[in-house]
Amino acid sequence: MNVCRSPKSSLEFEQYYQLRWQVLRQPWGQTLGSERDKLEQESIHRMVIDENNKVLAVGRLEKSSQFSGQIRFMAVSPAAQGQGLGRKIIKALELQAQKLGITNLTLNARENALFFYQKLGYQSHGFSHLLFDEIKHFAMSKTLTPANKHQLTSSMVLQDIWHDTIPLSKAMNIQISYYDGKQLITHCDKSFNKNLHNTMFAGSIYTLATLSGWGWVYLQLQQLQLKGDIVLAKANIDYHAPITGLAYAKVSAESVSAGFSRLDEGKNARIHLTVHIYSGENVAATFTASYAVLAAKIKSDLETKVELKPKPKPETDFES
């Protein structure tokens with residue numbers, strides 16, 4: 001059975017690049033290695049493999065700006081063509097694009113693939129360039145809507161809270177691109193958050209991670225219809241690699257240890273979670289934190305009785 005996923009090991013990546021070269025470069029006399037570029041580490045990769053782990057199709061997604069992306073290096077093994085594998089790669093990359101907040105997706109299609117992409121909803125904008133003085137390419141684009149399971153309304157409410165109350169979040173243009181109740185993905189503008197090395201500023205990484213963790217707790221409280229004030233109690237961040245491209249943060253339910261039920265009893269809750277900051281599909285930073293949720297004050301029976309007790313009727317000069 002064929003499976004579509006990202007390469008998981010150096011060996012799988014070598015097979016992934018090998019197919020890319022064999023289909024897209026070797027027939028035109030290009031050397032091995034010409035199928036790669038400097039954006040590999042910050043891109044999203046997908047491949048289709050069979051039950052014998054043979055790579056049958058490949059494709060790559062890269063973010064060109066905070067809300068735009070490009071699909072490149074689409075290739076299907078000649079022996080596996082006509083099986084819908086190219087469509088499977090495109091759909092997988094589009095889903096990732098939606099989750100990363102990409103609304104405008106572009107690609108440059110070879111002339112013989114124009115109809116294939118048009119069937120998938122891409123519009124042609126005319127001739128783009130000539131590759132190897134021989135292969136005509138045409139610019140194409142597609143407008144993406146949010147992913148199906150994304151809870152747009154609650155995400156927009158949280159995003160507005162951030163931008164209205166935390167000026168830095170607005171300056172960084174922190175956006176929620178995906179939340180389905182179990183996973184939260186956020187991203188921010190690249191240009192504002194660069195340091196003198198042209199990589200993402202460590203303070204911006206920390207801020208994105210902190211708000212993503214806080215946001216996950218907030219959205220869970222809304223989902224459970226619970227109330228409480230959220231404060232960061234403890235945090236630690238490990239920076240693994242510089243981020244040269246566009247970063248995104250991800251919080252998954254599997255990394256969370258929570259006791260929200262304590263809030264029903266009027267007790268404070270402590271939420272432990274991990275936020276991963278990604279560059280492409282590589283974890284560039286790991287943020288581990290504890291958030292305290294301060295329970296809303298529960299009124300005592302005495303306070304309730306006092307409130308329910310009828311107020312005495314005021315005396316007036318007209319009473320006997």
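I started with Ser-290, which sits in strand 13 (residues 282-295). Helices (H or I, at least four residues) and strands (E, at least two) are DSSP runs here, numbered from the N terminus. Ground rules: this is a predicted model, where local features need pLDDT of at least 70, side-chain atom pairs count only at pLDDT 80 or more, and totals for chains, interfaces and linings use all residues. Residues are numbered from 1 along each chain as its sequence is written, and side-chain values use heavy atoms, with hydrogens and water left out.

Buried or exposed, I wondered about Ser-290? Ser-290 counts as buried because its relative accessibility is 9% (buried is under 20% relative accessible area, exposed over 50%, partly exposed in between; 1.4 Å probe, protein chains only). Leaving out residues up to four places away in sequence, I listed what Ser-290 touches: Val-231, Leu-232, Ala-233, Lys-234, Arg-270, Ile-271 and His-272 (contact means heavy atoms within 4.5 Å).

I found an open one of 6 strands, ordered 8-9-11-12-13-10 with antiparallel pairing (two strands pair if DSSP finds at least two bridges between them). Strand 8 (175-179) and strand 10 (228-239) are the edges, each pairing on one side only. From one strand to the next, the twist averages 25° (axes are lines fitted to C-alpha atoms, for helices over the stretch in contact; angles run from 0 to 180 degrees between N-to-C directions).

Then I checked the helices. Helix 4 (residues 152-165) packs on the sheet, touching strand 8 and strand 9 (183-187), with its direction at about 155° to that of strand 8.
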